[in-house]
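I am opening a notebook on a structure that is new to me. I will write down what I looked up, entry by entry.

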Amino acid sequence: MKLWGGRFTKETDQLVNAFNASISFDRRFYRQDIRGSIAHVTMLAKQNILTEEEKEQIISGLESILSDLDSGALSIDESCEDIHSFVEATLIERIGAPGKKLHTGRSRNDQVALDMKLYVKDEISELSDLVKKLLETILTIMKDNVETYMPGFTHMQKAQPVTLAHHLGAYFEMFSRDRSRLRDIARRMNTCPLGAGALAGTTYPLDREYTAQLLDFDGPVLNSMDAVSDRDYLIELLDAMAIIMMHLSRFSEEVIIWNSNEYQFVELDDAYSTGSSIMPQKKNPDIAELVRGKTGRVYGALMSMLTVMKGIPLAYNKDMQEDKELTFDAIDNTKGCVSLFTGMLAAMRFQKDRMRESAAKGFTNATDAADYLVNHGVPFRDAHSIVGQLVLFCIQRDIALEDMTLEEFQAISPVFQKDIYEAIDLKTCVEKRLTIGGPGKAAMEQVITVYEQSLNQ
């Protein structure tokens, strides 16, 4: 059944039908479509546009369709143009003439805009919950590793000693911002387009505020043209998901590096690894690599959506139908990646001794050696040069700073005394960094408390 056709004198070409139809992908929001229709007829009856009897018949018919679709007793007819025409045709088939009044006072333009908003609101809630679970997993690991020392890096070179808790705290911050962005989008998009009609409203005395209330919106969209042509909230969501994926990709890259034979900082659980068809020794970080790869796919959806919308005049244009497949695919992939990454992270084993050894042998305490000299009256620029000579000395002998004898230290600078060894000990280097945001245990425990509180918000 088509919802149009009265002014046409011949059938649409079958290729055009297939090209134009959206039932293959918009079928996924049948629940939102039926929910919106129930709210719409409830409002129509309140406004005496429908009788109470007609309202009850239509709602009963819609609820039976929803129940049968959920149970599998009813299958969606792929020959219909879209989910809206399928639901309406099925309703008319079940209840007869009253079903033909379902569409009173609305257009497919405001109907599809509503369905998409309802669907996206639901998906944002689910995605936000998944990000929260990831944050909880990160926080659990942080609590257990405030004294797990490891090298911190800049330019992929060992820089200063930190802790695993401190390192993962950076990702907690990233994903916290992601969760905040999702909340912002949900708040900003929470206006109802239903009642906007095709673009200019309707002559029926609709109560748009009441419809918005029934559907848990803050109120109606205040401009009917914007109501049917706005896809900003989808672009914002795609942008937020692209950032989530970027953060996941960065984390995945580190997992891949840490899992390598050269680092051996982590061991992946067998459930989140695969092997090689030819090399029996291999244990590949495929989940992390796939997450890294799928990031580009979500980026592509964002750029595609921006490109679709950039040249569209007001109001609705069929180009906008492209929003669904792009958004659905990006949501599915982002949710899947967050969920799988969380599972992989929770099952991952951290090789703490190997991390500490790597920090000790990477001159990560060189800055602390310079600070030692500064605290003994040496200007920082001179201290920097002296420690540079120490590092060169150690490189030439393949030893660490703490392996040098006191005589060797004093041969380069007589300022060094026996307490240099305590000053450059990893524990000392980390623990004396007590300013908020630093890796010291006291500072980290403060931050962890704040993070715990944030998860309850």
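Is C80 buried or exposed? I found that C80 counts as buried, because its relative accessibility is 5%, where buried means under 20% relative accessible area, exposed over 50% and partly exposed in between (1.4 Å probe, protein chains only). C337 also counts as buried, at 4% relative accessibility. I then searched the whole structure for disulfides and found 0, a disulfide being a pair of cysteine sulfur atoms within 2.5 Å.

A note on the source: this is a predicted model, in which local features need pLDDT of at least 70 and side-chain atom pairs count only at pLDDT 80 or more, while totals for chains, interfaces and linings use all residues. Residues are numbered from 1 along each chain as its sequence is written, and side-chain values use heavy atoms, with hydrogens and water left out.

Next I looked at a pair of helices (helices are DSSP runs of H or I, at least four residues, and strands are runs of E, at least two, numbered from the N terminus). The axes of α3 (residues 30–46) and α5 (residues 83–95) come within 10 Å and cross at roughly 60°, the axes being lines fitted to C-alpha atoms over the stretch in contact, with angles from 0 to 180 degrees between N-to-C directions. That makes α3 oblique to α5, since angles under 35 degrees count as roughly parallel, over 145 as roughly antiparallel, 65 to 115 as roughly perpendicular and the rest as oblique. On the α3 side I noted Y30, D33 and I34, which meet I83, H84 and V87 of α5, contact meaning heavy atoms within 4.5 Å.

I stayed with helix α3 for S37, which lies in it. S37 counts as buried, at 0% relative accessibility, and S37 touches L62, L102, R106 and Q111 when residues up to four places away in sequence are not counted.

In helix α13 (residues 352–360), I listed M355, S358, A359 and A360 as buried. The buried residues of α13 pack against β1 (149–154), β2 (157–163), α7 (164–188), β6 (349–350) and α18 (426–431).
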